[in-house]
Amino acid sequence: MRILLGLFLFPALLVAQQVPVKEHFLANGMKVLLVERHDAPSISGGWVARVGSVNERPGITGIAHLFEHMMFKGTPTLGTKDYKKDLKIMADQERVRDLMRAEERKMRAMWRRGEITDLFDPEQKTKRWRALNDEFKKLVDAHRKVIVKNEFDRIYTSNGGSKMNAYTTYDHTAYFITVPSNKLELFMWMESGRLLEPVFREFYAERDVVFEERRMRTESTPLGKFSESFNSLFWESHPYGWPIIGWPSDIPAISKADADEFYATFYVPENLTLVLVGDFKSKEALTMAQKYFGRLKRGKKTVPDVITMEMPQKAEKRFYAEAETNPNVDIYWHTPAFGHKDTYALSVMSKILTGNTGRLKKELVLKSKLATDTFAWTRGMHYAGQFNAGGEVADGKDPAAVEAAIHAVVEKLKTEPVPAKELQKVKNNFAASEYRRLTSNHPILMQIIHTEGTGDWRELNTSGAKLQAVTPADIQRVAKKYFTKENRAVAIYTRKPGTGGGDENPLLADLSGQAKAMARKFISSVNSEKDVASLKGRLQQIEEQLEKAGSKAPPIMKVIRAALRKRIGELEK
Amino acid sequence: MKKIVLSLTIALGFIVSAAEIPDRPEKLTFPKLKYEPPSGAEFRVQLKSGPVAFVVPNRELPLVSVSIRVRTGQYNEPKGKAGVAGMTGFLLGKGGTKTRTAEELEERLAFLAAGLSSSVGDTSGSVGVNTLSKDLDEGLVILREVLTAPRFQKSRFDLYKQKQLQGMKQRNDDSKNIERRELLRLAYGPKFFRNVIPTKASVESITVEDLRAFHQAWFHPDNFVVAVSGDFDRKTMVVKLEKLFAKWPFTGKAAVPVPTNKRFAKPGVYIVDKDVNQGRVDIMLPGIHRDHPDFYAVQVMNNILGGGGFTSRITNRVRSDEGLAYSAYSYMPGGTYYPLLFVAGYQSKSATVQYAAQIVLEEMRRITMEVVMDKEMVTAKSSYIQTFPETFETKGKVAATFADEEFTGRGARNPAHFKEFRAKFAAVTKADVQRVAKKYLTPDKVVILIVGNKDVILKGHPDHPVNLDSLAPGGLKDVPLRDPFTMQPLK
C-alpha cells in the first residue's frame with residue numbers, strides 16, 4: 001500500500017534544484033561565474049576558453065590540444081632563471097626549426113614520389129634534416145640550463161593545490177585546480193599570469209609527449225584507431241570529423257608561430273569564462289578577479305565562428321572493421337546542436353533506451369538474448385549533435401541481428417507513444433540528478449565549465465524544466481525526424497581472426513605443444529593473406545596430401561585445411 | 001563619451017593593479033588557515049544489532065546514502081570456485097529478492113531514482129543504497145531484503161556467467177589488461193589469492209548454491225561496518241539502523257584474516273610480446289605496509305621521485321625533458337593488510353622503451369645517492385599537509401573515511417591517525433628520505449615488466465643505445481600470453 005502511494009506522490013519531487021551561480025562581467029568582457037559554498041576550506045577554480053579542435057583547420061589539427069599542454073610551461077617570471085636568455089634561445093630554436101620545416105616539405109615531396117617510405121622513421125630523414133636536428137638538440141640542452149622545470153606546477157603544489165589539470169574537447173578547452181581557501185589570490189596570480197603572457201618553452205618536446213598520448217589513447221588500444229576513423233566517416237563536412245588530438249601528419253608540423261596566432265585569436269577575455277566554486281566571499285573574489293584578469297586585453301578581431309556546417313547526409317553510411325574485440329554494433333545519428341528544442345526529447349529517449357531498465361537491455365539482453373550489453377547516449381555539441389546506440393553481440397549471434405533489433409527498438413519510439421509511467425521514471429531520474437550533482441565543489445565546477453564551454457552555463461538550470469515538459473508526442477515527432485536510415489552511420493566490429501578467445505579452433509586441442517605453436521603461426525599467416533587464389537591453391541595441395549595420407553595424416557593438416565577454408569570463406573563473403 | 005570614461009577606468013585600473021601585482025607569487029601574503037579534522041568518535045555508534053555505524057547528518061540536500069562494508073573478499077573463495085565472490089557481490093543487488101524478481105526490483109529502484117550497489121572485491125564487500133530522503137524507508141526495506149533474502153535469479157545468474165565467459169575472450173586484446181595481470185603475478189606470485197582469477201572451468205562450476213553459501217557465510221551484521229550520511233536526524237537514523245540489522249535470519253562465520261602469503265618474482269626483465277606501437281613498462285620492487293614507521297618518509301621520497309606528477313623527477317625527465325611518454329610516474333602506497341609495491345611506470349613508443357627505462361633507473365639510483373633539495377621537500381610535504389582538509393570535504397567522505405578506519409582496524413589501533421597526520425609528514429627529514437630510498441630502492445631486486453612489440457623494443461633507438469642487461473640482474477625472460485579461458489601459457 002505504501003509503495004503504491006509513493007508511486008503517485010512522486011511528482012512532488014519535480015521542484016527544480018538550481019545551481020546557485022552568480023554571473024558577472026569584467027570590464028574587458030571576461031565572464032565570471034561564482035558559486036559560494038562553505039562546507040570545506042577549499043576553492044575549486046578554473047576557466048574555460050570557447051575554443052576547441054572545431055576551430056582548427058587542416059594542417060594544424062591538434063593545435064587546440066597542444067596549446068592546452070603549452071599553457072603549463074610558465075610565464076616571463078615563472079619557469080626561467082634568465083628570461084632574456086630564455087627568449088634568445090627560443091628565437092634561435094625557431095630559426096633552426098624553420099629550416100627543418102623546409103626540409104620536411106622536401107621530405108613530403110620525396111614521400112609522394114616513393115623515395116622514402118616512412119616520414120617518421122629517424123633513419124629515413126635527409127642528411128640536412130639530421131644535421132639541423134643535432135643543432136636543435138644543442139639548443140635544447142642550452143635551454144635546459146635556463147629553464148626552471150615545471151615551476152608552474154611546483155608553486156601550486158607547494159601551496160596546497162590539487163587536482164590541477166586541463167582538457168580539450170571539440171568545442172572548448174578548460175583548466176582547473178583546487179586550492180585551500182586562503183590561496184585564492186595565488187590562483188588569481190597564477191591563472192591570469194599564464195593567460196596574460198604564456199611562454200611556450202619546450203614546445204617541440206611537448207609535441208612528442210602529445211604523440212605518445214596519441215599512441216596511448218588511439219593507436220595502441222583495440223578500438224582507438226577504428227573509432228577515430230568511424231568518427232571521421234560520420235562527420236562529412238564538419239570540423240568535428242578530425243580527431244581532437246590531431247592527425248599524425250599535423251602534430252609534428254605545428255609551429256610556435258601557429259600557436260602564437262592561435263593564442264591571439266582565441267585566448268582573449270571576451271572568449272573566456274572564469275569559474276569559482278567554494279569557500280570565498282563573492283565581493284572579494286570579484287575585486288581580485290578585476291585586478292588580475294582585468295589586465296587581459298580584448299582581441300584585435302572578433303573571435304571567429306565556425307562556418308562550415310555538416311552537409312545533410314544523403315545515404316546511410318556503413319563501416320566494417322576487424323579488430324581485437326568481441327563483436328559489437330555502434331550506430332550514430334546526426335542530431336541538433338546544444339540548446340536546440342529537440343535535444344530535450346532526445347535526452348529523454350536516450351534514457352528510455354539505456355540503463356538497467358532501459359528498452360535496449362530488456363529487448364536485446366534479457367528477452368532475445370542477442371546482446372550481452374547495450375548502451376545509448378546523446379549530446380548536443382556547440383555546432384551539432386549526435387545520438388549513439390549500440391551493444392556487444394552475444395556469442396554465436398549475428399551482429400546483423402543485433403543491429404536489426406536496435407533499429408526495431410528505435411522504430412517503436414516513432415510508432416507508439418511512450419507509456420506515462422515509463423516516461424515518469426525517466427523524468428524522476430533527471431529530477432533526482434539535480435540534487436546529486438550538487439554534493440561537492442569540484443564536480444560542480446566541472447559541470448559549469450562543461451556547460452559554459454559547450455554553449456551557456458544557464459542550460460544547467462533551464463534544462464530541468466524542459467526535460468520535464470517532454471511529452472509522448474514530442475518523442476514520436478523527434479524520433480521520426482532524426483532516426484532515419486539516411487541520417488545514420490553504422491559500425492560493425494568483428495573479431496580479427498586469430499586473436500582472442502584462446503583455442504577457438506577446437507581442432508587445436510588435439511595437437512601437441514610444438515604442433516600447436518606451428519598451427520598458430522600458420523593460422524595467423526593465413527588470416528593476413530588477402531589473395532584468395534593463392535589460398536585456394538594451398539587448400540588444394542593440402543587436400544591432396546590429406547587424401548594420400550589417409551588415416552595416417554597428422555592432425556595438424558586438418559587444422560590447416562580448416563583455417564584455409566575459413567579464411568577463403570571470409571574473403572569471398 | 002561613455003566609452004571614453006570606460007576605457008579611462010580600465011587604463012587607470014591597469015596602472016594601479018600593475019603596481020600592486022608582484023612579479024613572483026612568493027611575494028603574495030595569505031591569510032592563515034586553521035583546520036582541525038573531525039573526530040570519528042563524534043559519529044561512531046555501536047549498534048545493539050551488531051555493526052558499528054558512522055552516522056553523519058547533512059541537511060543540505062534531500063538525499064540519504066547508506067553504505068555497508070562487509071568483511072569478506074576474493075580471499076574467501078573456495079578452491080576451484082574463482083569468481084564466486086564477484087558473482088555473489090554482483091547478483092546480490094542485480095538478482096532480485098525473495099519478494100521481488102530482479103526485474104521488479106530494478107524497475108522500482110529506477111522509478112524512485114534510487115541507486116542500489118553491491119560488490120565483492122579482493123579484501124572487502126560493499127552493499128549500499130542511495131535514495132531521496134522521502135524514499136528512505138522503502139530504500140531500507142529493499143536493502144534488508146537484498147542482504148537477507150537475495151533471490152539470485154536463475155536468468156540473471158546465467159546472463160552473468162555468459163558475460164564473464166565472453167569477457168574472458170578480451171583478456172589479451174588490450175595491452176593494458178595484459179600488463180595489469182602480469183604485474184600482479186610478478187608482484188605477489190601466481191598462488192596469491194589476488195592472482196587466482198576466474199577461468200572458464202571455475203566459472204562454469206559455480207552454482208547458485210555456491211552463491212548462497214558464500215552469501216550466508218559472510219553477509220551478517222557482525223561482519224558489517226556502516227557509513228550513513230545525508231538528510232536525517234541522528235537519533236531517528238539509529239533507530240532505523242537497529243531495525244535494519246535486527247533478527248538476522250542466519251548466523252554465518254566470523255571474519256577471517258586476509259592472507260599474506262605473497263612472493264615477489266626473481267629479478268629480471270620480463271617481456272610479453274604484443275603487437276602494439278607503444279610499450280607499457282613497470283619497474284617494480286617490494287613495497288611497504290601503511291602502519292610501518294617508514295610510511296611517511298616513503299611517501300615523501302616517492303613523491304619527489306615520481307609520485308608528485310609534474311613536480312617529480314621521473315615525470316620531469318621522461319616526459320618534459322625527453323618527450324618519451326605522456327604518462328611517467330611512480331607509486332608506493334602503504335598496504336592495509338600486507339606490504340604492496342613500489343612501481344615506476346610509463347608508456348613509450350617501442351623504440352624508446354629501453355632508453356626511458358634507463359632514465360627511470362638512473363633516477364631511482366640518484367635519490368639513494370644524493371640528498372634531495374629543500375624545494376623538493378617543501379613541495380612533496382605540502383602536497384600531503386595542505387590538501388589534508390579534502391579528506392573530509394563532504395559529509396559523505398566523513399562517514400566513509402571513518403567507516404574505513406573502523407573496517408581495517410586502524411581506527412582502534414591508532415585513533416590519533418588523522419590528528420597526527422600532518423605532523424608526521426612535517427617531521428620527515430631529508431636524511432629520512434635518503435635512508436628509505438636506500439632501504440627500498442634496491443637495484444639487485446628490480447623486476448621490470450614490459451608489454452609490447454618485443455623485436456622493435458629490443459632493437460631500441462639509434463640515438464640511444466641501451467644495454468638491456470644493465471637494466472636488471474637476471475636478464476631477459478619471455479612471458480607468454482595466457483589462454484584467456486585457462487590462464488595457462490599459450491606457447
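Guide: A polar contact is a pair of N or O atoms within 3.5 Å; within protein, one must be able to donate a hydrogen and the other to accept it, and residues adjacent in sequence count only if both atoms are side-chain atoms. This is a predicted model, in which local features need pLDDT of at least 70 and side-chain atom pairs pLDDT 80 or more, whereas totals for chains, interfaces and linings use all residues; side-chain values use heavy atoms, without hydrogens and water. Residues are numbered from 1 along each chain as its sequence is written, while chains are lettered from A and ligands numbered from 1 in the order of writing.

The part to examine is the interface of chain B and chain A. Here 91 residues of chain B are in contact (heavy atoms within 4.5 Å) with 93 residues of chain A. The two chains bury about 7,900 Å² between them, 54% of it from carbon and sulfur atoms; buried area is the accessible area (1.4 Å probe) lost when two parts are put together, summed over both. On the side of chain B, the residues that lose the most area to chain A are B:F111, B:Q166 and B:Y326, together 10% of what that side buries.

Polar contacts join 45 residue pairs across this interface, both residues being at pLDDT 80 or more. There are also 16 salt bridges between the chains, each a side-chain nitrogen of Lys or Arg within 4 Å of a carboxyl oxygen of Asp or Glu. One of them links A:K425 to B:E107, with the closest N and O atoms 3.0 Å apart.
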